[in-house]
Amino acid sequence: MRRPKGFTLTGFLMWAVVLIFVALLLFKIGPPYIEFLSIQSNLRAVANDPEGRSGIRRVVEDLFDRRSAIDNISAVKASEIIISKIGDNVVLSFEYTVCVPIVFNIRACMDYNPTSARR
């Protein structure tokens, strides 16, 4: 006798539930991570800007504000920038947390630390 091949309905439904849960998780966690990458890109651009290399807080905040308005960044404000010097380079960074509701009372809390320093 030949053994039947293929998917069963219960197997298909279990995989569908798993894939839907993974997709839900990606749709919820994806936007904050993309915003983190945008913040890090903007910090590097400001740190490499000739005006931003001075390390003057007012100038750095203005440059970051202009760039964040274009990229629609809302997780952080320019006044929260941590400015430090390593050698001759100005290093800009942030520390912030984003909590995203997943389903019911379950949340995903992510701590981010974008910086202009190359790692």
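The following dialogue explains how several descriptions of this predicted model are reached.

Visitor: What makes residues 57-71 helix 2, and what span is expected of helix 2?
Guide: Helices (H or I, at least four residues) and strands (E, at least two) are DSSP runs, numbered from the N terminus. Helix 2 has 15 residues. The expected span is 1.5 Å times one less than the number of residues. For helix 2 the expected value is 21 Å, and the span from first C-alpha to last is close to that, at 21 Å.

Visitor: Why is L92 called buried?
Guide: Buried means under 20% relative accessible area, exposed over 50%, and partly exposed in between (1.4 Å probe, protein chains only). L92 has a relative accessible area of 0%, and is therefore buried. L92 lies in strand 2.

Visitor: Is S38 buried or exposed?
Guide: S38 has a relative accessible area of 18%, so S38 is buried. S38 is placed in helix 1.

Visitor: How do you know whether A45 and D65 are buried, exposed or partly exposed?
Guide: A45, in helix 1, has a relative accessible area of 24% and is therefore partly exposed. D65, in helix 2, has a value of 40%, so D65 is partly exposed as well.

Visitor: Which residues of helix 2 are buried, and which are exposed on the other side?
Guide: V60, L63, F64 and S68 are buried. These residues lie on the same side of helix 2 because they cover an arc of only 130° around the axis, the arc being that of the directions from the helix axis to the C-beta atoms. On the other side, R58, A69 and I70 are exposed. An α-helix has 3.6 residues a turn, so residues three or four places apart point the same way.

Visitor: Against what do the buried residues of helix 2 pack?
Guide: They pack against helix 1 (9-48), strand 1 (82-86) and strand 2 (89-93). Contact here means heavy atoms within 4.5 Å. Leaving aside neighbours within four places in sequence, F64 is in contact with I39, N42, L43, V46, V76, A78, I81 and F94.

Visitor: What makes a set of residues a nonpolar core?
Guide: A nonpolar core is a set of buried Ala, Val, Leu, Ile, Met, Phe, Trp, Tyr and Cys residues joined through side-chain atoms within 4.5 Å. The largest nonpolar core has 20 residues, and those with the most contacts inside it are I39, F64, V76, I81, L92, F94 and Y96. Two or more residues come from each of helix 1, helix 2, strand 2, strand 3 (96-103) and strand 4 (106-112). Helix 1 gives the largest share, five residues.

Visitor: Which residues does L92 contact, and how far is L92 from T115?
Guide: Beyond neighbours within four places in sequence, the contacts of L92 include L43, V60, I81, P114 and T115. L92 and T115 are 23 residues apart in sequence and 5.6 Å apart in space, C-alpha to C-alpha.

Visitor: Where is F104, and what is its phi?
Guide: F104 lies in the loop between strand 3 and strand 4. Its phi is positive, about 50°, although F104 is not a glycine. F104 has 81% relative accessibility, and therefore counts as exposed.

Visitor: Where is N72, and is N72 buried or exposed?
Guide: N72 lies in the loop between helix 2 and strand 1. With a relative accessible area of 64%, N72 is exposed. N72 is a residue other than glycine with a positive phi, near 60°.

Visitor: What is called a pocket, and which residues line the largest pocket?
Guide: On a 1 Å grid over the protein atoms alone, a cavity is a set of points where a 1.4 Å probe fits but cannot get out, and a pocket is an open set with protein on both sides within 12 Å along at least five of seven lines; lining residues have an atom within 4 Å of a point. Among the residues lining the largest pocket are R44, R53, D88, V90 and R118. Helix 1 and strand 2 each supply at least two residues of this lining.

Key: Residues numbered from 1 in each chain as written. Predicted model: local features only at pLDDT ≥ 70, side-chain atom pairs only at ≥ 80, totals over all residues. Heavy atoms only, no water.
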